[in-house]
Amino acid sequence: MKWVFRDFRGTSDYGLCYQGRLGLYRVLDIHGFVDANWVGDLDQRRSTSGYVFNLFGGAVIWMSKKQFIVALSTTEAEYMATTHARKETVWLQRLCSNMELVQGAVKIDCDSQSVIFLAKNPAYHSKTKHINVQYHFVRDMIEDKKVLQVKVDTLKNTADALTRSVSSYKFSWCRETMDVVGMDK
């Protein structure tokens, strides 16, 4: 409990700042980042999923959560994290539609080349038959062009701060990328 209160005290002067404007055509630009920390929990051998979605320059949705099942590979852990982010994408697109805002394909950056290949190639892979069918939802989103899966360098993945311990420099960079800024009192 002391740790939580110390954290609150140390970040009480920070907040989210949104600076975007809707254009004439009410077009949105939602940009997401996804990452996973394979076997981050050494006791239960479970991985941690994390994602963040930015809109108007600031984070609107983020999540960091231990995965429900044990992933047998880094690719599987990242693939499961990507699936959770895709589900959030569906919700965001429906919200935009209900508000009569135009949102094309949501760009989601991922630092795993193998996950991008697996998601874009719907062919049967004998090495991935252990991956639960529910996680192949990602493929449908890419085929329907509702989502763009893009490779991003690990050093530029904002979701890293949600899945593992990072250096203070990386943490500050991630915080700034999510537009969490210090507020003047």
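A salt bridge is a side-chain nitrogen of Lys or Arg within 4 Å of a carboxyl oxygen of Asp or Glu. Keep that cut-off in mind while reading this predicted model.

Start with the whole chain. It has 185 residues, and 42% of them count as buried. Six helices and seven strands make up its list of elements. Along the sequence they run α-β-β-β-β-α-β-α-α-β-α-α-β. The accessible surface comes to about 11,200 Å². Carbon and sulfur atoms hold 56% of that area.

Next, find helix 2. It covers residues 74–98 and has 25 residues. From first C-alpha to last it reaches 37 Å, close to the 36 Å expected at 1.5 Å a residue. After the helix comes Glu100, whose phi is positive, near 60°.

Met99 sits in the loop between helix 2 and strand 5, which spans 106–110.

Finally, move to helix 6, residues 168–177, and find Arg175. Which side chain of opposite charge is nearest to Arg175? That is Glu176, 5.5 Å away. The limit for a salt bridge is 4 Å, and Arg175 has none, although it is buried. Beyond its neighbours within four places in sequence, Arg175 is in contact with Tyr14 and Val180.

Terms used
Residues numbered from 1 in each chain as written. Predicted model: local features only at pLDDT ≥ 70, side-chain atom pairs only at ≥ 80, totals over all residues. Heavy atoms only, no water. Helix = DSSP H or I, 4+ residues; strand = E, 2+ residues; numbered from the N terminus. Buried < 20%, exposed > 50% of the residue type's maximum accessible area, 1.4 Å probe, protein only. Lys, Arg positive; Asp, Glu negative; His and termini not counted. Contact = heavy atoms within 4.5 Å. Expected span 1.5 Å × (residues − 1). Areas by Shrake-Rupley, 256 points an atom, 1.4 Å probe, with all protein chains shown as cover.
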